Amino acid sequence: MTQRIVITGMGAITPIGTGKEAFWKNLLAGVSGVREVHFPDVDMDQYKTRIAGTVENFNLSEFLPGAKKTKYLGRTSQMALSATKLALEDAGFKLTFEKRGVEIQGLDPYKIGVILGTASGNEDIFEAGLKEFFEDKGPRRTSPHALPYQLISSVAAVLSITFGCRGMSYVIPTACSSAAQAIGNSFRHLQVGPEDVMITGGADCAITPIIVAGFQATRAMSTRNDAPQKASRPFDRERDGFVMGEGAGIVILEKLDHALKRSAPIYAEVIGFGMNCDAYHITIPQPEGYSFIRAIQMAMAEAGVGAKDIDYINAHGTSTKLNDVIETMAIKKAFGKRAYRIPISSTKSMIGHLLGAAMGAEMIATVLSLRDGKIHPTINYEVPDPECDLDYVPNQMREAPVNIAISNSLGFGGFNAVLIVRRFPE
């Protein structure tokens, strides 16, 4: 028998707030977390883009005091750990903090797994290691900690070690759809697998000199350096590219029977997942959106819902010329005339693009829309684009009943992922 899967906890570390409630409050208020950035010992005049959605004053010790070997961890791993701690507590699990790690009380460690999304892993560790190797130390004095802690797989490994999770554990690195596929795979695994609980979502902190330079070379980023908070403007005609962000969004997925047995808080039920690939181009979405439309249809078929049932779409909404037009077109083809009546908003308008962590934060926003009957705005929507002519909830939060919602995610390489969640109880 296929298990029903619910979301019981959420933890957010974002440019506009730490914890789901602070994050949600600022989303509804239309607060932007985009600001000017500086890299130490780097001439910033070399960069056409000097803005990003950064998390200010983050300190792992505030979340995991005294945790073992945290000094070796990169920023992505640190934020993944912090958001996981918040999500587990939000799910009602009691945590015992010890020097060797954190014990989750009352849960068989083999019954909790980890599937995380990240596009870059601990890029800061990698770039620091490169600098040390070529400028300072060379191979004879390379740190033995540099390699294992910069591996993309280390993000899940460190989390599993710290929280004693002995079930399935791995990382999905499918670019900007990483967290979406992590949540979807966790949903799939819990339906038939031995675990009762999955820690999932994503973390990514890739605002580093090399990554920013690489994205700059693709000419896909905004250069609106003189007005950072206006730079991310999905679906607006004056958009000039996406804005990088950093952070973590972790959700706790749980088998319904297990959640009910322990009287867990239940925010929503995951009811559909569609995932495929454009197989078209490494950076450009398939122009007609065939595969993306198919992913939407796959998710809706599994969920057993039709166009009339969808109350809200949390868009991928990157603020790039190509993505916003293709996503709009795909939504219109997937939903027909109904597309014009579905509220759509882009979380990225406020926090930037969290890359592999994007759907982690966006799923939290989507679920809170179900909980509160409120839809956060797409900020900076000022000049309508004739090719983007749907209801993007411009600039102001909207109150509306939301019972079933879709969240979209698309990644470099043509990776498409669509998740559907339903308010609980139905």
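Trainee: Let's start with lysine 230. Leaving aside neighbours within four places in sequence, which residues is it in contact with?
Mentor: Lysine 230 is in contact with Arg224, Asn380 and Glu382, with those neighbours left aside. Keep in mind that this is a predicted model.

Trainee: What does the side chain of lysine 230 do with the side chain of glutamate 382?
Mentor: The two side chains make a polar contact, at 2.7 Å.

Trainee: And where is lysine 230 found?
Mentor: Lysine 230 sits in the loop between α7 (209-217) and β10 (247-255). Its relative accessibility is 37%, so lysine 230 counts as partly exposed.

Trainee: How far apart are lysine 230 and valine 34, in sequence and in space?
Mentor: In sequence, 196 residues separate lysine 230 and valine 34, while in space they are 8.4 Å apart, C-alpha to C-alpha.

Trainee: New topic: helices. At what angle do α1 and α12 pack?
Mentor: Helix α1 (residues 20-29) and helix α12 (residues 358-372) pack at about 80°, and their axes are 10 Å apart. The two helices are therefore roughly perpendicular to each other.

Trainee: Which residues make that contact?
Mentor: From α1 the contact uses Lys20, Glu21, Phe23, Trp24 and Leu27. From α12 come Ala361, Ile364, Ala365, Leu368, Ser369, Arg371 and Asp372.

Trainee: How do those residues divide into nonpolar, polar and charged?
Mentor: Seven are nonpolar, one is polar and four are charged.

Trainee: How many salt bridges does the count come to?
Mentor: The count comes to 21 salt bridges. One of them joins glutamate 254 and arginine 262, whose closest N and O atoms are 2.7 Å apart.

Trainee: Is glutamate 254 buried or exposed?
Mentor: Glutamate 254 counts as buried, at 0% relative accessibility. Arginine 262 is partly exposed, with a relative accessible area of 24%.

Trainee: What does aspartate 90 touch, not counting residues up to four places away in sequence?
Mentor: With those residues not counted, aspartate 90 touches Thr8, Gly9, Met10, Lys20, Pro265 and Tyr267. In the case of methionine 10, the backbone nitrogen lies 3.0 Å from a polar atom of the aspartate 90 side chain.

Trainee: Back to salt bridges. What distance goes with glutamate 302 and arginine 188?
Mentor: Their side chains meet in a salt bridge at 2.7 Å, N to O. Glutamate 302 is in helix α9 (residues 290-303) and arginine 188 is in helix α6, so the pair ties together parts 114 residues apart in sequence. Glutamate 302 is partly exposed, with a relative accessible area of 33%, and arginine 188 counts as partly exposed at 34% relative accessibility.

Trainee: Last one: where is serine 177?
Mentor: Serine 177 is in the loop between β8 (169-172) and α6 (178-192). Serine 177 counts as buried, at 0% relative accessibility. Leaving aside neighbours within four places in sequence, serine 177 is in contact with Ser409, Leu410, Gly411 and Phe415.

Notes. Residues are numbered from 1 along each chain as its sequence is written. This is a predicted model: local features need pLDDT of at least 70, side-chain atom pairs count only at pLDDT 80 or more; totals for chains, interfaces and linings use all residues. Side-chain values use heavy atoms; hydrogens and water are left out. Axes are lines fitted to C-alpha atoms, for helices over the stretch in contact, and angles run from 0 to 180 degrees between N-to-C directions. Helices (H or I, at least four residues) and strands (E, at least two) are DSSP runs, numbered from the N terminus. Angles under 35 degrees count as roughly parallel, over 145 as roughly antiparallel, 65 to 115 as roughly perpendicular and the rest as oblique. Contact means heavy atoms within 4.5 Å. Ala, Val, Leu, Ile, Met, Phe, Trp, Tyr, Cys and Pro count as nonpolar, Asp, Glu, Lys and Arg as charged, and the others, Gly among them, as polar. A polar contact is a pair of N or O atoms within 3.5 Å; within protein, one must be able to donate a hydrogen and the other to accept it, and residues adjacent in sequence count only if both atoms are side-chain atoms. Buried means under 20% relative accessible area, exposed over 50%, partly exposed in between (1.4 Å probe, protein chains only). A salt bridge is a side-chain nitrogen of Lys or Arg within 4 Å of a carboxyl oxygen of Asp or Glu.
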